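User: I'd like to go through this model together, helix packing to begin with and then the chain contact. Can you take my questions one by one?

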Amino acid sequence: MAVRVQTADFDAGAEIARLRAGDARIGAVASFIGVVRDVNDGDAVSELTLEHYPGMTEKALEKIVAEARSRWDIYDALVIHRVGTLKPTDQIVLVITTSAHRGEAFKACEFLMDYLKTGAPFWKREQTPGGSRWVDARESDDAAARRWS
Amino acid sequence: MKPGESQAAVVRILYFARLREALGRAEEELVLPEGVRDVGSLLAFLRERGGAWADELASGRAVRAAVNQDMSDATAAIRAGDEVAFFPPVTGG
């Protein structure tokens with residue numbers, strides 16, 4: 001399964017081991033882990049809650065993975081995204097790509113993250129000393145996604 | 001549904017995140033009004049409800065849409081039985 005949306009935490013080492021198990025063609029594994037910070041826009045953040053659109057989320061992520069596969073010569077890719085309530089230092093998202101050489105693995109991994117940020121239906125709500133608020137989308141994320149088009 | 005049986009042109013509309021809260025609902029079923037054929041005209045119809053609907057869905061606001069779980073723009077067609085969703089720009093990752 002290339003895409004998982006779950007409340008549970010993940011073990012990046014175990015996922016990498018599983019993704020490349022027994023595949024001697026693989027010469028490169030790239031991975032990215034997104035983590036909850038304790039600050040955003042100058043305010044302390046004590047908690048983050050991720051809402052999503054069940055059904056569409058999986059479909060959108062599958063599409064993004066398929067797009068990455070069509071653009072780069074990768075053997076496999078995995079995306080795990082957590083939903084629900086998370087705390088600072090918790091892991092949010094994991095992307096892993098495998099390839100013969102590092103260039104394709106790095107690029108596909110970065111592309112997956114950039115496209116996920118703007119194309120997968122997740123929304124963050126954060127708890128700050130001033131109350132709870134929805135996180136605004138960033139123009140820099142749109143710009144990052146546009147680089148690939 | 002059997003052939004020949006009549007079917008009202010109903011669409012399911014979902015709202016997420018800030019929009020769900022501001023509009024006070026997560027979903028609804030709507031009999032497609034006359035003249036509503038795409039995302040843009042559906043938005044215009046919903047705005048006519050006034051209040052939070054007019055404010056939140058105003059043309060200057062960043063509202064994204066999906067039709068049958070695919071990101072869609074204002075020109076995307078809407079047909080009976082479709083699932084349409086409205087939500088703010090996404091903030092995952």
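What follows is a set of questions and answers on helix packing, the interface and salt bridges.

Analyst: Quick ground rules: this is a predicted model, where local features need pLDDT of at least 70, side-chain atom pairs count only at pLDDT 80 or more, and totals for chains, interfaces and linings use all residues. Residues are numbered from 1 along each chain as its sequence is written, chains are lettered from A and ligands numbered from 1 in written order, and side-chain values use heavy atoms, with hydrogens and water left out.

User: How is helix 3 of chain A oriented to helix 4 of chain A?

Analyst: Helices here are DSSP runs (H or I, at least four residues; strands are E, at least two), numbered from the N terminus. The axes, lines fitted to C-alpha atoms over the stretch in contact with angles from 0 to 180 degrees between N-to-C directions, come within 8 Å and cross at roughly 130° for helix 3 (residues 102–119) and helix 4 (residues 139–146) of chain A. Angles under 35 degrees count as roughly parallel, over 145 as roughly antiparallel, 65 to 115 as roughly perpendicular and the rest as oblique. So helix 3 of chain A is, relative to helix 4 of chain A, oblique.

User: Which residues of helix 4 of chain A meet helix 3 of chain A?

Analyst: Contact means heavy atoms within 4.5 Å. Helix 3 of chain A brings A:Asp114, A:Tyr115, A:Lys117 and A:Thr118, and from helix 4 of chain A they meet A:Asp141, A:Asp142, A:Ala144 and A:Ala145.

User: What area is buried between chain B and chain A?

Analyst: The contact draws 26 residues from chain A and 20 residues from chain B. Buried area is the accessible area (1.4 Å probe) that two parts lose on being put together, summed over both. Carbon and sulfur atoms give 54% of it, and the total is about 2000 Å².

User: Which residue of chain B forms a salt bridge with A:Glu51?

Analyst: A salt bridge needs a side-chain nitrogen of Lys or Arg within 4 Å of a carboxyl oxygen of Asp or Glu. The interface of chain B and chain A has 5 of them. With the closest N and O atoms 2.3 Å apart, the partner of A:Glu51 is B:Arg20.

User: How many residues apart are A:Asp41 and A:Arg138?

Analyst: Their side chains meet in a salt bridge at 3.9 Å, N to O. A:Asp41 is in the loop between strand 3 (39–40) and strand 4 (43–44) of chain A, A:Arg138 is in the loop between strand 10 (131–134) and helix 4 of chain A, and the separation is 97 residues.
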